[in-house]
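Work through the exercises below with the sequence and coordinates open. Each task is followed by a solution in steps.

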Amino acid sequence: MRLKLLIIIPLSISLLSMMSCGTKIENSKTETVKVYGNCGMCEKIIETSANKKNKVEANWDQETKMLTVTYDQKATNLDEILKRIADSGYDSDKFRSTDEKYKQLHGCCQYDRPNI
Ligand SMILES: [Cu+2]
């Protein structure tokens, strides 16, 4: 009896701490897509607009222009994330930002737009 408790208590504590970990995304799916941009400033804007607390985690690579997103499939989808990014001025192969939004970007951030 004593021995059982000694095993169960630490086990449930470690389980609880795993569940309360804030960055853990449930029903997660990871996808990589191209998002057009130039510099570190673009990276910050792209990642910030893609991110959603506990629902989406995003990482954009300046060299390859590839965005890797891990998201909660029950809470959102890739289209929604890419729309938010387009809304910040950045094109992807699926959603094109508006000319107005693009022009609002910092001069160094005005990447070469894809023909879509
Ligand atoms: Cu930039």
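Predicted model: local features only at pLDDT ≥ 70, side-chain atom pairs only at ≥ 80, totals over all residues.

**Exercise 1. Describe the secondary structure of the chain and its order.**

Step 1. Count the elements: the chain has 4 helices and 3 strands.
Step 2. Of the 116 residues in the chain, 20% are buried. Among contacts between residues at least 6 apart in sequence, 54% join residues at least 24 apart.

**Exercise 2. Characterise the largest nonpolar core.**

Step 1. Size: this core holds 16 residues.
Step 2. Centre of contacts: I46, A50 and I85 have the most contacts inside the core.
Step 3. Origin: two or more residues each come from α2 (40–50), β2 (56–60), β3 (66–72) and α3 (78–87). The largest share, 4 residues, is given by α3.
Step 4. Take I85 as a case. Not counting residues up to four places away in sequence, I85 touches V35, I46, S49, A50, Y90 and S92.

**Exercise 3. Classify I25 as buried, partly exposed or exposed, and list its contacts.**

Step 1. Location: I25 sits in the loop between α1 (2–19) and β1 (28–34).
Step 2. Neighbour count: I25 has 17 C-beta neighbours inside 10 Å.
Step 3. Classification: buried requires 20 or more and exposed 12 or fewer, so I25 counts as partly exposed.
Step 4. Contacts: leaving aside neighbours within four places in sequence, I25 is in contact with N54, K55, E57, T70, Y71 and D72.
Step 5. Distance check on T70: the C-alpha atoms of I25 and T70 are separated by 7.7 Å, with the two residues 45 apart along the chain.

Terms used:
Residues numbered from 1 in each chain as written. Core = buried A, V, L, I, M, F, W, Y, C linked by C-beta atoms within 7 Å. Contact = placed C-beta atoms within 7 Å.
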